[in-house]
Amino acid sequence: MGTPTRPPLDDLAKRLQRSRAERESRPRDGFLRETFVLPRNDARLKAQEWFSRWPKQAYWTEIESWFERPGDVIEFTIRRLPTSD
């Protein structure tokens with residue numbers, strides 16, 4: 001009985017390259033970001049939720065960008081620091 005052959009590592013290498021490229025494309029400023037696409041009222045509630053959960057004074061929470069989409073839909077990115085330290 002012989003030794004089993006090693007599986008090809010092509011897929012693993014591709015996934016590693018993709019992961020590294022994604023990590024490099026993200027800004028390294030310490031902020032956590034999340035993007036939402038919600039109807040206007042839901043977007044307002046989501047932003048209020050973030051500001052009450054992570055207050056601006058402690059986490060530097062901020063709406064980084066927002067766009068009005070057709071159908072009264074708002075796409076926005078909100079950012080905050082990971083901790084209040």
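# Chatting through a predicted model

Biologist: Of the contacts in the chain with a separation of 6 or more, what share comes from residues 24 or more positions apart?

Modeller: Those residues account for 54% of such contacts in the chain. Keep in mind that this is a predicted model.

Biologist: Thanks! How many helices and strands does the chain have?

Modeller: There are 3 helices and 3 strands.

Biologist: What percentage of the residues is buried, then?

Modeller: Buried residues make up 18% of the 85 in the chain. As for surface, the chain exposes about 7200 Å², and carbon and sulfur atoms supply 52% of that area.

Biologist: Let's zoom in on T61. Where does T61 lie?

Modeller: You'll find T61 in the loop between α3 (56-59) and β2 (62-69).

Biologist: Is T61 buried or exposed?

Modeller: T61 counts as buried because its relative accessible area is 0%, and the cut-off for buried is under 20%.

Biologist: Which residues does T61 touch, not counting those up to four places away in sequence?

Modeller: With those set aside, T61 touches W50, F51, W54, P55, K56, I78, R79 and R80.

Biologist: Nice. Now S65: what is its place, and is S65 buried, partly exposed or exposed?

Modeller: S65 sits in strand β2. S65 is partly exposed, because its relative accessible area is 27%, and that class runs between the 20% and 50% cut-offs.

Biologist: Which residues is S65 in contact with, leaving aside neighbours within four places in sequence?

Modeller: Apart from those neighbours, S65 is in contact with E75, F76 and T77. Take E75: S65 and E75 are 10 residues apart in sequence, and their C-alpha atoms are 8.3 Å apart in space.

Biologist: Last topic, charges! How many positive and negative side chains does the chain have?

Modeller: The chain has 17 positive and 14 negative side chains. The centres of the two sets lie 5 Å apart.

Conventions. Residues are numbered from 1 along each chain as its sequence is written. This is a predicted model: local features need pLDDT of at least 70, side-chain atom pairs count only at pLDDT 80 or more; totals for chains, interfaces and linings use all residues. Side-chain values use heavy atoms; hydrogens and water are left out. Helices (H or I, at least four residues) and strands (E, at least two) are DSSP runs, numbered from the N terminus. Buried means under 20% relative accessible area, exposed over 50%, partly exposed in between (1.4 Å probe, protein chains only). Contact means heavy atoms within 4.5 Å. Accessible areas come from the Shrake-Rupley method with a 1.4 Å probe; for residues, only the protein chains shown count as cover. Lys and Arg count as positive and Asp and Glu as negative; His and the chain ends are not counted. The place of a charge is taken as NZ of Lys, CZ of Arg, CG of Asp or CD of Glu.
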